[in-house]
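Good morning, and thank you for making the time. I would like to take you through one model this morning; please keep the display in view while I speak.

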Amino acid sequence: MRKAIAICICALVMASVWIAGCKKETIDPGTWQLVSFTVPKGWPQPAYTFDGNKLTYDGFVLGRKLFYDVRLSRDSSISCGSCHQQFASFANLGHDVSHGVANKVGIRNSPGLANMAWHTSFFWDGGVNHLENQPINPIQNPVEMDLPMADVVTRVKMAADYKEMFIRAFGDELVNSQRIFKAMAQFMGTMVSDDSKYDKYSRGEAGGTFTEQELRGLELVRRNCATCHKEPLFSDFSFRNNGLSPVIGVNDSGRAHITHDAADLYKFKVPSLRDVAVTAPYMHDGRIKTLEDVVEHYRTGVAASPTTDAAVAGGINMTDQDKKDIVSFLKTLTDSTFISSKLFAEPAK
Amino acid sequence: MILAAMASLALASCEKKDPPQPDPDPTGTGKVVMEFFNKVGTADLVLNDKAYVNEHGDTFKVSLFKYYISNVKLNGAKGTYTETESYHLLDQADKPNMNFTMSNVPYDTYTSVTLTIGVDSTRNVSGAQTGALDPVKDMFWTWSTGYIMLKLEGSSPKSPATGGTISFHAGGYAGQYATQRTMTLSLPTAITVNDNGENHVHVDADVLRLFKAPTVFDFSALYAINSAGQKAKDLADNYANMLSVSYAGL
């Protein structure tokens, strides 16, 4: 099995401390662990390469603490992890849209965070161009965490439990937004989901034997869905209108909100299908609750509009059996190693 | 705990041990101080209290005026000096800091300065930044990544917005709607950088020029810009003309 995250436990802690002392290396007084990032075999190069943000165990752990820290919200009620739950591949199970501070709600579904390092843009409209610039958006959004970034920096600076972690991660106790974002990028950028049954099948490993139905589903996905949901990441990260009728009153213009181009009206970023069985509900506004209904949308529910994508316009021909086979295959994309890895879990208090 | 203590000792013992390095060429460089002055026509800009009239004839007041100056270069007889990490946020509300010093300018005679109003596209796509580019400076669009190159806020009786506010945030770094503007300003007198002392360059920014040419701003119709696009581009084409050098010398 190849996992992108490798944990190396070194027994020579004492020696490391002495050597590390003058090199300003990171020091962990417990076990010496190393978090690493590896591009899985056969995958494209990631968009985020940790360039200028050297991945270390201490940077990762700091990022993880920030990700799960409710003090990053105005009333200290929610953290990033509130709407990005590990068991849901860091989506928000059962919520069409998520609850921010004071139970405020937005208009978009909380997406999963698997394989963020390969994403070329962030959010459903792709408004954010870099992984390190992603967290400031939900942190400052009035219907999400609603805290000015300057206040986040102040809170983290004042918090006694962070001081040592910044020294370990960055060499000194300076707290600024750049360090916060870089640490969070170390945590999110290493969230790699590459150990599903489909991956084992692709690598010819034990546990990767597909049933007849799953095989048929894979072939159907390759034939009907691969224009947008391209292997191995199951997205081409483009923006497309998949034929969902705009909701009156919400009128979320999607990508056009960023580009101001009528040709981008109602286009949204193509989501990856990885871990899709655990990230319900579906679509940019969470309007569809089950995978069966998602597939049915592409068969009979595609609304015509000037920007509806040619790949889905008029619907995709599928039999009832095809639908079942596709759903059966989609379930092989769940990476139970990733969604249960202690490395990404909220640390015990 | 013991290990942590040992570690911090080890770290502490390494700090600041390097002896001061002698200047490799003590006769070679001098200081040039760039000082910025926000004006309305020929008068000094005063926030909040003073009313002004734009090209269109609309009365207005200014409550906030800040902008980035980046990628500063001095063009000399022997060569061009390029400031490193050249990003400066100039804020009328923080007048004492509306200047910066370039301290390693090679001895030469300089006749013009090249600079950018705004932030180059590279830094708009390079992830988390710090210093003048820290997003806590409130010059960064979070929902559509990118720096706000220039911000002017205030009020005008002509503005139909609630409270008669005017609010112009110019951003967008790519393609036809890019709002960073690079210009070369000639110095009224050439400056000679040598061991005679530090030179000063006074740059005036005229607020009236923001609303004058090529696009005349009518505050009853155009009173807010808050995203990249044609309006922001129009404002950028105007502010490309807002700077001039009023003084250069010791």
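Let me begin with a convention: helices (H or I, at least four residues) and strands (E, at least two) are DSSP runs, numbered from the N terminus.

The model is predicted: local features need pLDDT of at least 70, side-chain atom pairs count only at pLDDT 80 or more, and totals for chains, interfaces and linings use all residues. Residues are numbered from 1 along each chain as its sequence is written, while chains are lettered from A and ligands numbered from 1 in the order in which they are written.

Now to confidence. The model has an ipTM of 0.86 and a pTM of 0.88. For single residues we use pLDDT, the predictor's confidence in each residue, from 0 to 100. The average pLDDT of chain A is 91, and 90% of its residues score at least 70. Within chain A, residues 1–32 have a pLDDT below 50; this stretch makes 57 contacts in the model beyond near neighbours in sequence. By contact I mean two residues whose C-beta atoms, placed from the backbone, lie within 7 Å. Chain B averages 92, with 89% of the residues at 70 or above. Its residues 1–17 fall below 50, and that stretch has 16 contacts beyond near neighbours in sequence. Where pLDDT is low, the predicted coordinates should not be read in detail.

Let us turn to chain A. Chain A is divided into domain 1 (35–191 + 337–344) and domain 2 (197–333); such bounds come from an automatic or database domain assignment. Their C-alpha centres lie 25 Å apart. The contact between them takes 26 residues from domain 1 and 25 residues from domain 2.

What lies between these two domains? The largest nonpolar core has 67 residues, and those with the most contacts inside it are Phe166(A), Met184(A), Met188(A) and Met191(A). A nonpolar core here is a set of buried Ala, Val, Leu, Ile, Met, Phe, Trp, Tyr and Cys residues joined through C-beta atoms within 7 Å. A residue is buried if 20 or more other C-beta atoms lie within 10 Å of its own, exposed if 12 or fewer, and partly exposed in between. Helix H7 (177–189) of chain A gives the largest share of this core, seven residues. Both domains of chain A give residues to this core, so it lies between them.

Phe166(A) belongs to helix H6 (residues 160–170) of chain A, where the buried residues also include Tyr162(A), Met165(A) and Phe170(A). The buried residues of H6(A) pack against helix H2 (57–67), helix H5 (149–158) and H7 of chain A. Beyond four places in sequence, Phe166(A) is in contact with Leu62(A), Glu173(A), Leu174(A), Val175(A) and Arg179(A). After the helix comes Gly171(A), with a positive phi near 95°.

Between helix H9 (212–224) and strand S1 (239–240) of chain A lies Pro232(A), joined to Glu231(A) by a cis peptide bond with omega about 0°. Phe234(A) is found in that loop too, between H9 and S1 of chain A. Its phi is positive, near 60°, in a residue other than glycine. Is Phe234(A) buried or exposed? Phe234(A) counts as buried because it has 22 C-beta neighbours inside 10 Å.

Finally, chain B. Its secondary structure comes to three helices and 15 strands, and buried residues make up 37% of its 250 residues. Which strands pair with S1(B)? Two strands pair if DSSP finds at least two bridges between them. Strand S1 (residues 29–40) of chain B pairs with strand S7 (residues 99–106) in the antiparallel sense over six bridges, and Thr29(B) has Pro106(B) as its bridge partner. With strand S13 (residues 199–206) of chain B the pairing is parallel, over eight bridges; there Val33(B) stands opposite His200(B). Strand S2 (residues 43–44) pairs with S1(B) in the antiparallel sense over two bridges. These two strands form a hairpin with two residues between them, and Gly41(B) in the turn has a positive phi of about 65°.
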